[in-house]
Amino acid sequence: VTAGGRILVVDDKANMRQLLRDILAARHQVRLAADGGEAIALLEKEPFDVVLTDVRMPGMGGFELAQIVKKRWPETEVVLMTAHASIPAAVEAMRQGAYDYVEKPFDPDDVSLVVARALERGRERAGAAAPDSGARDAAVTPPPRDLAELSYREALAEARDRGSRDYLTALLKAFGGNVSRAAAKAGLERESLHRLLRRHGIRAEHYRGEGSAGD
Amino acid sequence: LGAALGTVLVVLGLVSAACLWALVDIHDRLHQVKEEEEGARRIVWLTSAIRDQYAHIAHTIIIDNDSHAELFRRASSRVLELAQQTKGTAGLEAASAQVDRILASSREMERLFDEQIRPAIRRGDRAAAIAAHDRVLSLAFQSQGDADALVAKAEASMENLNNHVRATQHGAIRLTIIAHVLGVATAIVVGLYLFRSIARPIAALESAAKRIGEGDLDARVTIERDDELGRLGQRFNEMARATKDHQAEAVRTERLAGLGRMAAAIAHELNNPVGVIMGYANLLLRRDGAPEREMLVAIEEEAERCQQVIAGLLELTRGSVLQVTPVALRALVDDVVARLRVAGAPAGVEVTVEGEAQALADEPRLRHVLTNLVGNALEAAGAQGRVSIAISATEGGGASVTVGDNGAGVREEDRTHIFEPFFTRKANGTGLGLSIARAIARAHGGDVDLVATAGAGATFRLTLPAGKAETRS
C-alpha cells in the first residue's frame, strides 16, 4: 500500500511553494497553485486528498478557499498554513471544517506529519462510508473527532499537538514499536518519525511487541 | 487692613448719620421760621386792622355822620380774629400779654366809639367827639407800638433761626465733603487691594494658561498665598505638571507603538523568506551524504535564530486579543515541566510543583509565559540544581505562579533591564523571552515580576487577575 496522496499546495510565494513541493514530493503527488482561484481551477480538473493552503494571499485568502473546498469537495481535507498571530482564526476555520493548521515558519517534519494525518483521516472517512474497503486501516488511529462540535480550546488542543501525539502513539502501537514500518505506513521518512517522536516525548520501545498490525 | 477698613466704614456711617440729623434739623427750623413768618404777617395785618378801626372813627368824626359804623364793626371783628390767631401761633406765647393789651385797646376803642363818639355825633357835639378821639388816638398808637414790638421780636427770632440753619447747613456741607473724600479714598484703597489680591493672580494664571495653550508645558504660576487663589495656583501647577507627564507618556507610547508596528511589519515580511531558508537547510541536511554539512548546520542554526527573533517580535507586537478560557494552572505547569524535560532540561535538575489554582487566560499564550519562566529557571539552576514552582489563588479570584531557582540569580545592574526587549546575558538567547512573558501577562491584566533574588537564585512571579469570561480585545 502506498501511503502517498494527491496534495495541492497553495501559496503566493514561489519559493515557499517550491519548498513545500520538495518536502512532500518524495512521498506524494504534489501540484502547486499561486492563489485561491488557481487552486479551484485545479480542483475542478482533478481530485485531491489534501489542500495545503497559506492563509494570507492576495485575492482569495486561505479561509475563503477552505470554505469553498469543504462545500464543493467535502472529501478533500484542508490544512491551513498560518503565522502565529492568526492561530485563533485558523482554529475557528477548523471548527468550520478545515482539518488542521501548520504554524509558519514550519519544521519540514511537521508538514509531513500533518499531511500524513490528514490523509489518514480522509481514508478513515472513506472507510467508514464503505466498510468493505480500508476497514483494516481503521485501527491505526483513534476515532476522528468531529471538530465542528469542539470548543475553541478543545479544537486548539486537538490542533496543537494532541492530535499528532495520539496519531504517533497509535501508529507505534499498530506496528509494535517498529519505527521503520510505522514511518512507511504514514508516508514519513524514518528519521523524520524519530525526530517527531523525540519532540513529543514518545519512546518507541514502550510499544515494542504491543500491536501486530502489518502489511 | 480689615480693622482700618472697619474704622473707615464706622466713620462714614457716623458722618452720614450726622448729615441726616442736620438735614432733619434744618427742615424743622425752616418750618419754625415759616410759622414765625406767618405770625409776623398776622401781626402786621393786626396793626393794619387797628389802623382801620382808628380810620373809621376818624372818618365818622370828619364826615360827621354814622355811615362808617358798619365798617368799623368789621375792622373790630377782624382785630379780634387776628389777635386770637396770633395768640395760637407757636413761638408767640410770650407775646400774649402784648396781644391781650392790643385786644383790650381795641375793645376800649370800640366802647369809646359806641358810647361817646357816635352819641356825640348824633347830638352834634363835635367837641365831645374830638375829646374821645384823642383817647382813641392814644390807644391806636399804643397798639401800633405793641404790634411793632411783636414784629421786631418775631424778626429777631427768625434771624436767630436763620443763623442756626445757616450754621447747620455749613456743618452738613463740611460733613458731606468729608464723607465724599473718605468714600473715594476708601474706594481707591479697596480697589487697589482687590487688584493686588485678585486681578494680579488671575492675570498670572491667565498668562500661564496662555503659555500652556501655546505648548509651553513648563509654564508655572507663583501665588504664595494660603487662600482659594493660592490653592488654585497650586492645582494649576499640578495640572501643568501632570499634563507634561501625560504628554511625554503619550509621545513615548506612540513612539513605541510605531516601533511595534514597524517591527511587526518587518517580522511578518521576513517570516516567509527565513522559513524557506530554514526549510531548505533542513531538507538538505536530511539527505544522506549531504555535502558541506557544517555549513548547512550553520545556515540552519542561524536561520532558526532569525526565526526565533521573528516569532518573538510577532508575539510581542501581537496586541491583546485574547481567547480566554478557564485554565487549570497545575495541569498546565506539570505539562510545561514535562515538555521541557523531554526537550532537554539539565541533567539531575529537581523540580517541585506545589498548589493549584484556576485562571481565566488564553491558554497557548499562558503556556508560552510559563514555558519561558520555567525554561529560564531550569537553565539557571543547571545540572543538579533545584527549581520550585508554587501556584496559588490570590484574593479577588486571581492567581499567581512563582518560579524560583537556585542558580546564579540576576545581577544588580541587570534587574531594571531584564524585561527590556533584546536584553540578554545568554550566549544564544534572543533577549525577547521575558519581555514577551511580561507583555502577555499584561495583556491579561496581570504582570510578571522579579520578586526576589536573595543570595543564590532568582524568583519570578506571574500574577493573573480574576478576569472576565468573555474574549477581551
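## Close-up views of a predicted two-chain model

**View 1. The open sheet of chain B.** In chain B, 5 strands form an open sheet in the order E2-E4-E5-E7-E6, and their pairing is mixed. The edges are taken by strand E2 (350–354) and strand E6 (447–452) of chain B, each of which has a single partner strand, so that one side of each is left without a neighbour in the sheet. On average, and with direction ignored, neighbouring strands of this sheet are turned by 15 degrees against each other. The model shown here, as in the other views, is a predicted one.

**View 2. Pairing of strands E2 and E4 in chain B.** Strands of a sheet pair through backbone hydrogen bonds, in either a parallel or an antiparallel sense. For E2(B) and strand E4 (residues 386–393) of chain B the sense is parallel, and the pairing extends over 5 bridges. Within this pair of strands, Val351(B) is found opposite Val387(B), the latter belonging to E4(B).

**View 3. Helices packed against the sheet of chain B.** Helix H8 (residues 363–381) of chain B packs on the sheet and touches E2, E4, strand E5 (399–405), E6 and strand E7 (459–464) of chain B, while its direction makes about 20 degrees with that of E5(B). Helix H9 (residues 433–443) of chain B lies across E6 and E7 of chain B, and runs at about 120 degrees to E6(B).

**View 4. The interface of chain A and chain B.** Here 28 residues of chain A are in contact with 23 residues of chain B, and the area buried between the two chains is about 2400 Å², with carbon and sulfur atoms giving 57% of it. Across this interface the rule finds 0 salt bridges, whereas 6 residue pairs, both residues at pLDDT 80 or more, are found in polar contact. On the side of chain A that touches chain B, the elements giving two or more residues are helix H1 (14–24), helix H5 (108–129), helix H6 (152–174) and helix H8 (190–199) of chain A. The largest share of that side, 6 residues, comes from H1(A). By residue class, the side of chain A that touches chain B divides into 11 nonpolar, 5 polar and 12 charged residues.

**View 5. A salt bridge within chain A.** Over all chains the count comes to 42 salt bridges, one of which joins Arg6(A) to Asp49(A), with the closest N and O atoms 3.1 Å apart. This pair links distant parts of the chain, 43 residues apart, since Arg6(A) lies in strand E1 (residues 6–10) of chain A and Asp49(A) in the loop between helix H2 (36–45) and strand E3 (50–54) of chain A.

Key:
Residues are numbered from 1 along each chain as its sequence is written. Chains are lettered from A and ligands numbered from 1 in the order in which they are written. This is a predicted model: local features need pLDDT of at least 70, side-chain atom pairs count only at pLDDT 80 or more; totals for chains, interfaces and linings use all residues. Side-chain values use heavy atoms; hydrogens and water are left out. Two strands pair if DSSP finds at least two bridges between them. Helices (H or I, at least four residues) and strands (E, at least two) are DSSP runs, numbered from the N terminus. Axes are lines fitted to C-alpha atoms, for helices over the stretch in contact, and angles run from 0 to 180 degrees between N-to-C directions. Contact means heavy atoms within 4.5 Å. Buried area is the accessible area (1.4 Å probe) that two parts lose on being put together, summed over both. A salt bridge is a side-chain nitrogen of Lys or Arg within 4 Å of a carboxyl oxygen of Asp or Glu. A polar contact is a pair of N or O atoms within 3.5 Å; within protein, one must be able to donate a hydrogen and the other to accept it, and residues adjacent in sequence count only if both atoms are side-chain atoms. Ala, Val, Leu, Ile, Met, Phe, Trp, Tyr, Cys and Pro count as nonpolar, Asp, Glu, Lys and Arg as charged, and the others, Gly among them, as polar.
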